[in-house]
Every structure is written in structure tokens, then in C-alpha cells.
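Let's look at a protein together through a few questions and answers. Take a moment to turn the model around before reading on.

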Amino acid sequence: MRNLTEKTVFVSGSTKGIGNAIAARCVQEGARVIVHSRSQSGAVEAQNQIGAAGAVWGDLSDAGGTNQVLDQLSGYSAVDVLINNAGVFSVEDFFQLTDDVWLDYFQTNVMSMVRLCRALMPAMLERDSGVIINVASEAAFKPLPQMVHYSMTKAAMLSISRGIAELTKGSNVCVNTLMPGPTWTDGVEKYFEGLAKQEGRPLEEVLGSYFREHEPTSLIQRFVKVDEVADAAIFLAQNTAVNGSSLRVEGGIIRSI
Ligand SMILES: NC(=O)c1ccc[n+]([C@@H]2O[C@H](COP(=O)([O-])OP(=O)(O)OC[C@H]3O[C@@H](n4cnc5c(N)ncnc54)[C@H](OP(=O)(O)O)[C@@H]3O)[C@@H](O)[C@H]2O)c1
């Protein structure tokens, strides 16, 4: 088992939601956590909120913003655990979605992860030690009609994660994917506002019947809690034999063995 004490952990998109919960749990495990936001104020606020060791900021949807984040990260000790969590999601009508939106989603959800792995993974391989956790979604396995564009990015993350896990062969570096199901966060609240609008129904009604109508295969019939996703991230960060894998934290929505 890997001990996270004094390890440098970078969690992208850690001002709120899943990323914030993962970052907070890593602080509790004794890690030197570096939090991240698009804005300096957001990053510093999150740093103070969870007692993180550092804060960096920059928009990960393009190479310039990612380089800004990498420049700031170079001021800290080498990243031992990279958690690619930053991501966007929204309800969209497939028939109305423009090429630009498709490409923006690919940039934000996929290229952000590619660029950070490309920059930080070689040093892990050189040190023969490191962990990468890519936060995808159960939508990677079960594309959602109201977010086909998003589901595509999460399937791409799975493929890339497995591909780069192959590059760790014989080393002590692990690359895995975490696949949360519907988890109650700020982002998901906005998502449900979009779904209610698309269905022309009040938000409360959509929320009240969501699992029955949209996720009948969910075994827990409720939202996953951010702390439950964080527990799974800690497991992946500490385990030394789970590699090239994808861990579902989706309450059993994906009905397969
Ligand atoms: N919630 C769910 O039900 C669910 C389910 C499956 C998978 N996921 C995945 O889990 C991850 C986190 O989801 P969440 O619900 O916790 O999201 P959230 O509450 O909307 O938080 C998103 C985080 O990502 C950051 N972010 C957004 N766009 C960014 C960009 N262009 N560059 C850099 N950072 C950016 C935000 O930072 P600032 O706003 O501070 O800049 C924020 O910290 C996402 O990858 C999502 O796809 C979520």
C-alpha cells in the first residue's frame, strides 16, 4: 500500500464537488495537496478551506492555460499523484449542437488530461513511482442521449487511460480511471436545471423521479455522495496492484458483471 503522507498530490478542478472532496481527503491522509481552479481567487479560497499546501490556477481547456498551471506546479516538489478531475457537463440537444461545442468539450475534458499526463508522467516513470487517476464517468459505458458529447469525452478518457497505463509496464506507476455515477455537486445541480428545462417540468419533480425514470438500474436509487467518490480515489491512490483499470462508483447503474 502507498502511504500518502508527504506525497505531493495535484487535483485539477478542486474548488468544489468531487475534486474538492478528493483534495480534502488527501489532506486528511497527510498529503501535500495542491488545489486548482480557473481563477486565482477560487484556488486560494479552496486552499484555505481544506488546508492544502498549495494553489495553482489556469483554464485547462487550452494549451496556454495548461502551461500556466504546469509553470506554477514546477514551483512545488514533483507531483506524486495526479488526479485529472476538472471537467464540464451539460444537457444538450444532439441535433442543435455545433462543431465548436463538440471541440470545446474535447479540449476541456480530454485534452486537459492528455496535456497534464504528457507533462507529468515521464518524471513518475523516471522515479519509478507515481499515480494517475482520471475521473471519467459511468456515461463512458452508458452514453446518455441528453449528453452524447459529454459521454464521448468520458469514453475517450477510458481509452487513453488504458493506453497510457500500458506505458507503465514493469514500473511502480499506476494509471486508473474512476467512474462516478450521478453525484450531488454544484455542477450536477446545474445539469438538473438543464434537464428540467429540456423536459419542461419543475426541477423538484425531475429530481424526485430521476432515479425511477432515468436510472432504474441504479441499485442505490440515490445520488452518490462526493465523500464516497473520494474514498474510491484514496483506494486507487494507495493500492499498488490496481493498474490499467476503471473503478465504478455509480451505485450499480451499469448492469453488467
Ligand atoms: N457530479 C456528477 O454526477 C459526476 C458524475 C460522473 C463524473 N463526473 C465528473 O467528475 C468531475 C467533477 O465533477 P463535479 O460534479 O464535481 O463538477 P463541478 O461541481 O462542476 O466542479 C468542476 C470543477 O472543475 C473545474 N473546471 C471546470 N472547467 C474548467 C476548466 N476549463 N479549466 C480548469 N478547471 C475547470 C471547476 O473549477 P472553477 O469553477 O473553480 O474554475 C471546478 O473546480 C468532472 O470531470 C465530471 O465530468 C461528475
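**The pocket and its ligand**

Q: Which element gives the largest share of the lining of the largest pocket?
A: Helices (H or I, at least four residues) and strands (E, at least two) are DSSP runs, numbered from the N terminus. The largest share of the lining, six residues, is supplied by helix 6.

Before going on, note that this is a predicted model, where local features need pLDDT of at least 70, side-chain atom pairs count only at pLDDT 80 or more, and totals for chains, interfaces and linings use all residues. Residues are numbered from 1 along each chain as its sequence is written, and side-chain values use heavy atoms, with hydrogens and water left out.

Q: How much space lies in the largest pocket?
A: On a 1 Å grid over the protein atoms alone, a pocket is an open set of points where a 1.4 Å probe fits, with protein on both sides within 12 Å along at least five of seven lines; lining residues have an atom within 4 Å of a point. Grid points are joined across faces, edges and corners, and a volume is the space filled by probe spheres set on the points. For the largest pocket, the space is about 990 Å³.

Q: Which residues lining the largest pocket are the closest to its centre?
A: The lining has 40 residues. Closest to the centre are Asn85, Gly87, Val88, Phe89 and Gly187.

Q: Where does the ligand sit?
A: A molecule sits in a pocket if more than half of its atoms lie within 2 Å of its grid points. By that test, the ligand's place is the largest pocket.

Q: Which residues come nearest to the ligand?
A: A residue is near a molecule if one of its heavy atoms lies within 4 Å of it. Around the ligand there are 32 residues. Those that come nearest are Thr15, Arg38, Tyr150, Thr183 and Thr185.

Q: What is the distance from an oxygen atom of the ligand to an N or O atom in the side chain of Arg38?
A: A polar contact is a pair of N or O atoms within 3.5 Å. Lys16 has a side-chain N or O atom 3.2 Å from a ligand oxygen, and for Lys154 the distance is 3.0 Å. For Arg38, the distance is 2.7 Å.

Q: Where is Gln221, which has a positive phi?
A: Gln221 is not a glycine, yet its phi is about 50°. Its place is the loop between helix 7 (203-213) and helix 8 (226-238).

Methods
A polar contact is a pair of N or O atoms within 3.5 Å; within protein, one must be able to donate a hydrogen and the other to accept it, and residues adjacent in sequence count only if both atoms are side-chain atoms.
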